[in-house]
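Please examine the model shown below with its sequence.

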Amino acid sequence: MQNNTNYTPSKGELFIEDYLANSRIEYIEQFKIIDLKGDTSNYRIADFYLPKLGFYVEYFGMYNNSKKDRERYVFKRDLYIKNRKPTIFIYPEDLGILDYVFHTEVKRLFRYKI
């Protein structure tokens, strides 16, 4: 399921999508988030939103490409945290152990006090 029909997902996002589908987890791709306090944009696009679980999944696929990419991802991560958007952040090195990372992050997320 996708909000933005002009978007071409990365290989990492396709891998995560496959994982969610095979795990029978309902998701919405490219989910628009508006009204984030402190944002420099009118909206942000989350890679995935899991409506039945009530949280977002962000894949930071270019995190290791450059300092600029890393800073952009750190800003987005901090923005989500500041606005109390429950989110699992996945990095390229996590793809090989995605099942473990996903479950570990879900446990962390639901122990997080809002």
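At 33% relative accessibility, Arg108 counts as partly exposed, since that class lies between buried (under 20% relative accessible area) and exposed (over 50%), computed with a 1.4 Å probe on protein chains only. The structure is a predicted model, in which local features need pLDDT of at least 70 and side-chain atom pairs count only at pLDDT 80 or more, while totals for chains, interfaces and linings use all residues. Residues are numbered from 1 along each chain as its sequence is written, and side-chain values use heavy atoms, with hydrogens and water left out.

Arg108 meets the side chain of Glu105 in a salt bridge, at 2.7 Å from N to O; the term denotes a side-chain nitrogen of Lys or Arg within 4 Å of a carboxyl oxygen of Asp or Glu. Both residues belong to helix α3 (residues 98-111), where they stand three residues apart, about one turn of the helix. Helices (H or I, at least four residues) and strands (E, at least two) are DSSP runs, numbered from the N terminus. Glu105 counts as buried because its relative accessibility is 17%.

By the same rule, the count comes to six salt bridges. Another of them joins Asp78 and Arg77, with the closest N and O atoms 3.1 Å apart. Asp78 is partly exposed because its relative accessibility is 37%, and Arg77 is partly exposed because its value is 24%. In a further salt bridge, the side chains of Asp39 and Arg44 meet at 2.6 Å, N to O. Asp39 and Arg44 are both buried.

Strands of a sheet pair through backbone hydrogen bonds, either parallel or antiparallel. Here two strands are taken to pair if DSSP finds at least two bridges between them. The strands β1 and β2 run antiparallel and are joined by six bridges. Overall, four strands form an open sheet of mixed pairing, in the order β1-β2-β3-β4. Its edges are β1 (28-34) and β4 (87-90), each of which pairs on one side only. From one strand to the next, the twist averages 45°, with axes fitted as lines to C-alpha atoms (for helices over the stretch in contact) and angles running from 0 to 180 degrees between N-to-C directions.

What space lies in the largest pocket? The volume is about 250 Å³, meaning the space filled by probe spheres set on grid points that are joined across faces, edges and corners. On a 1 Å grid over the protein atoms alone, a pocket is an open set of points where a 1.4 Å probe fits, with protein on both sides within 12 Å along at least five of seven lines, and lining residues have an atom within 4 Å of a point. The lining comprises 14 residues, of which Asp47, Tyr59, Arg72, Tyr73 and Lys76 lie nearest the centre of the pocket. The elements giving two or more residues to this lining are β2 (43-50), β3 (55-59) and α2 (67-82).

Finally, most residues other than glycine have a negative phi. Arg24, which is not a glycine, has a positive phi of about 60° and is placed in the loop between α1 (11-22) and β1. Arg84 likewise has a positive phi, near 55°, and lies in the loop between α2 and β4. Arg24 is exposed, with a relative accessible area of 80%, and Arg84 is exposed at 55%.
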